[in-house]
Amino acid sequence: MASYSSSDEPLVFSKSSTLKRARRIPNEKDGSHSHIVVTLTDPEVFDCPICLEPLTIPVYQCDQNGHIACSSCCTKINNRCPSCSGSIGSCRCRAIEKALESITISCQNIQYGCKESVAYHKKGEHQKACVYSPLSCPLLSCNFVSSAEQLYKHFSSRHVKSATQFRFGNSVPVSLNASDDFLFLQEKNKGTLFILKNHHVEDLGNAVTISCIQPSFMSGYLYDLDVEAKGNSLRLKSFTLSIPSQQVIDDSPPTTWFLLIPSGFISPGDLLKMQFCIWPKDAVSI
């Protein structure tokens, strides 16, 4: 098995079309060759030439000249090879599939803490669900980038005064100017970061939501958002959306569940006063 990991020779990419070298690793127990380590000099050799994404099994080749394509692209091009117009989508390229099955690579998020090695043809699948996917600090003046866990620690130590602190399951009062776009919230025990976003809706009031700053594939949290005025009350019970931190600062209106606070609920001094409560994913609000 060809293996690319921190214990082997480094995988070096450069623009060429040949294998730079191969080295056999003896099996210490029986003297046989357990696998080889190669340095690949063309980083695109195992990418689909049509969609440019890493090839996944099955891989097909055209009947006429052996041009390859991933299965999803075969459907998109109506099973007609874009290189030579030959038929493609019925004949699999077993040699490429065998190579894909034998290659493992380190996750591209290794610098952020991921130590997993995955089969090359599952590279895209892993990247979409890697908990070490990098997030940037939501404060525009800060250039810190790391995993969610490290980002939370960074924010706690460097920007603690920039967020309202709370604990899961506790109702916390907050206020912000009706014209403010957002307010950061941070859970005291785990450091999880949230953002309360406020969007002014002309002639109606303010649309308010709470989202969690984390990789977009991760599941959300339960939350309540309450506002009271003159004996009237409004409540939103919902789930947080998961948003990467580079997307948290924007002025676009919410497109999903939100609490619309009419203008009559705004306190003197143009303040939005409300209470929020957030629960962990496995908790149930009463």
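Hi everyone, one definition to begin: UniProt positions are given in the numbering used here, feature names are shortened, and an annotation may be inferred rather than shown by experiment. We are looking at a predicted model, where local features need pLDDT of at least 70, side-chain atom pairs count only at pLDDT 80 or more, and totals for chains, interfaces and linings use all residues. Residues are numbered from 1 along each chain as its sequence is written, and side-chain values use heavy atoms, leaving out hydrogens and water.

Let's start with the annotated part. An unreviewed UniProt entry gives residues 48–85 the annotation "domain: RING-type". That span is 16% helix and 16% strand, and its end C-alpha atoms lie 17 Å apart.

Now, two details of the backbone. Leu-52 sits in the loop between strand 3 and strand 4, and it has a positive phi of about 65° although it is not a glycine. Pro-58 also belongs to the loop between strand 3 (33–40) and strand 4; a cis peptide bond joins Ile-57 to Pro-58, with omega about 10°.

On to the sheets. Strands of a sheet pair through backbone hydrogen bonds, either parallel or antiparallel. Here, two strands pair if DSSP finds at least two bridges between them. Three bridges link strand 4 (residues 59–61) to strand 5, and Tyr-60 has Ala-69 as its bridge partner in strand 5.

Another open sheet has four strands, ordered 12-20-16-17 and antiparallel. Which strands stand at its edges? They are strand 12 (172–177) and strand 17 (232–239), each with a single partner strand, so one side of each is left without a neighbour in the sheet. Strand 12 is joined to strand 20 (residues 271–279) by six bridges, and the partner of Asn-177 in strand 20 is Leu-271.

Next, aromatic rings. Rings of Phe, Tyr and Trp (its six-membered ring) pair if their centres lie within 6.5 Å; planes under 30 degrees apart count as stacked, over 60 as edge-to-face and the rest as tilted. The count comes to eight aromatic pairs. One of them is Phe-166 with Phe-276, edge-to-face at 5.3 Å centre to centre and 80° between the planes. Phe-166 lies in strand 11 (residues 163–166) and Phe-276 in strand 20, so the pair ties together parts that are 110 residues apart in sequence.
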